[in-house]
Amino acid sequence: MKCRLLIADLFILAALLFVSCSSSLVADELFPAELVNFTAYQKNPVFAGTAAETWDKKIRERGCILQHGGKWHLWYTGYNDERAEKKMLGYATSPDGLTWKRYSENPIFDKVWTEDVQVVRHEDTFYMVAEGLGDIPHMLTSPDGIHWTERGRLDVRNTDGSPLTPGPYGTPTLWIEDETWYLFYERGDRGVWLAKSTDQTTWKNVQDTPVIERGPDEYNRHAIALNQVFRYGGRYYGVYHGNGDPNWKGPWTTCLAVSDDLVNWKKYPGNPIISTNNSSGQMIHDGEQYRLYTMHPDVRVYYPSNAKFDE
């Protein structure tokens, strides 16, 4: 009898080990080490508010970094509450993504409230989506990334074509594929929704429930917002931030999720990938590897673990 029990126990142990190993293999396949294991650059932060009495004494929320024309470009939100309540758009450039120089004629756009920005370049035009006053998103366009024209708020609708219920729908994030433009957004950080458009005028939800929910793990139980979508290994990856404090006083951490269709997402089991209070992240490929940048409350760089840091 004891022998039979011992054999049964061994079978159970073997089954548990098989499940554990299988789960690990799946996690490794979906979330390769170069996308989830990072080490902070020793000279962080690489960009921050001036801490002086300038219009950009402080910076906040998501900025955006692109490589174009042989240099690195950074768009950021600056503010100084003692001078103006409005959040305005700044610009800086860099030869290496580490040493940044502010544009001499900043701010480059101050006509309307502009923060939490994302920039994409499409068919020789720079497109920016950003939060306006009240977390209502709007779009701007530019021929050169410096001179911007306001195009108005984004008209996002439910699946039946009816307007969204009143309220914020912020952290707008674009993904362009073929002739379809996809827009991710959050509503009070209670989840991430997805809408799409073929004319950049009207955006219709693909479903009227979030495509990425909060939780269930503690680190993102009370707030979540998507910052970037990128392709890697034939899949879509989303960099997002989450908060596990009911009053949002806990750290805003940086996290990763994966999808095959932009609608169904799986979160990395080891989230957050940056557990400190550094958020609004994005992955930028430097020609050799992905760097992870976090943009709030200042700009920091993280390299894949064991990678050689640029100096």
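Which residue does the side chain of E115 join in a polar contact? Select E115 and W113: their side chains meet in a polar contact of 2.9 Å. A polar contact is a pair of N or O atoms within 3.5 Å; within protein, one must be able to donate a hydrogen and the other to accept it, and residues adjacent in sequence count only if both atoms are side-chain atoms.

Before moving on, note that this is a predicted model: local features need pLDDT of at least 70, side-chain atom pairs count only at pLDDT 80 or more, and totals for chains, interfaces and linings use all residues. Residues are numbered from 1 along each chain as its sequence is written, and side-chain values use heavy atoms, with hydrogens and water left out.

**Stop 1: the sheet with β7**

Stay on E115. It is buried, with a relative accessible area of 4%. Buried means under 20% relative accessible area, exposed over 50%, partly exposed in between (1.4 Å probe, protein chains only). E115 lies in strand β7, residues 115-122. Strands (E, at least two residues) are DSSP runs, numbered from the N terminus.

Now show the open sheet β7-β8-β9-β10, four strands with antiparallel pairing. Its edge strands are β7 and β10 (149-153), and each pairs on one side only. Neighbouring strands here are turned by 20° against each other on average, direction ignored. For such angles, axes are lines fitted to C-alpha atoms, and angles run from 0 to 180 degrees between N-to-C directions. Two strands pair if DSSP finds at least two bridges between them. Strand β9 (residues 137-142) and β10 share four bridges in the antiparallel sense. Pick T141: its bridge partner in β10 is T149.

**Stop 2: the sheet of five strands**

Next, select the open sheet β11-β15-β14-β13-β12, where the pairing is mixed. At its edges are β11 (155-157) and β12 (170-177), each pairing on one side only. Neighbouring strands are turned by 30° against each other on average, direction ignored. β12 pairs with β13 (residues 180-186) in the antiparallel sense over six bridges. Click I176 to find one: its bridge partner in β13 is W181.

**Stop 3: the pockets**

Show the surface. A pocket is an open set of points on a 1 Å grid over the protein atoms alone, where a 1.4 Å probe fits, with protein on both sides within 12 Å along at least five of seven lines; lining residues have an atom within 4 Å of a point. The largest pocket holds about 440 Å³ of space. Of its 26 lining residues, L66, V119, V120, Q228 and V229 are the closest to its centre. β7 returns here: it supplies six residues, the largest share of the lining. The lining divides into 15 nonpolar, nine polar and two charged residues.

Move to the second largest pocket, with about 320 Å³ of space. Select R60, E61, D189, H241 and W252, which lie nearest its centre among 16 lining residues. This lining has two nonpolar, six polar and eight charged residues.

**Stop 4: the cavity**

A cavity is a set of grid points where the probe fits but cannot get out. The structure holds one cavity of 30 Å³ or more. About 40 Å³ of space lies in the largest cavity. Among its lining residues are R60, E61, Y76 and M295.

**Last stop: S259**

Select S259, in strand β18 (residues 253-259). S259 is buried, with a relative accessible area of 3%. Finish with a distance: the C-alpha atoms of S259 and Y303 are separated by 23 Å, and the two residues are 44 apart along the chain.

Methods:
Points joined across faces, edges and corners; volume = space filled by probe spheres on them. Nonpolar A, V, L, I, M, F, W, Y, C, P; charged D, E, K, R; others polar.
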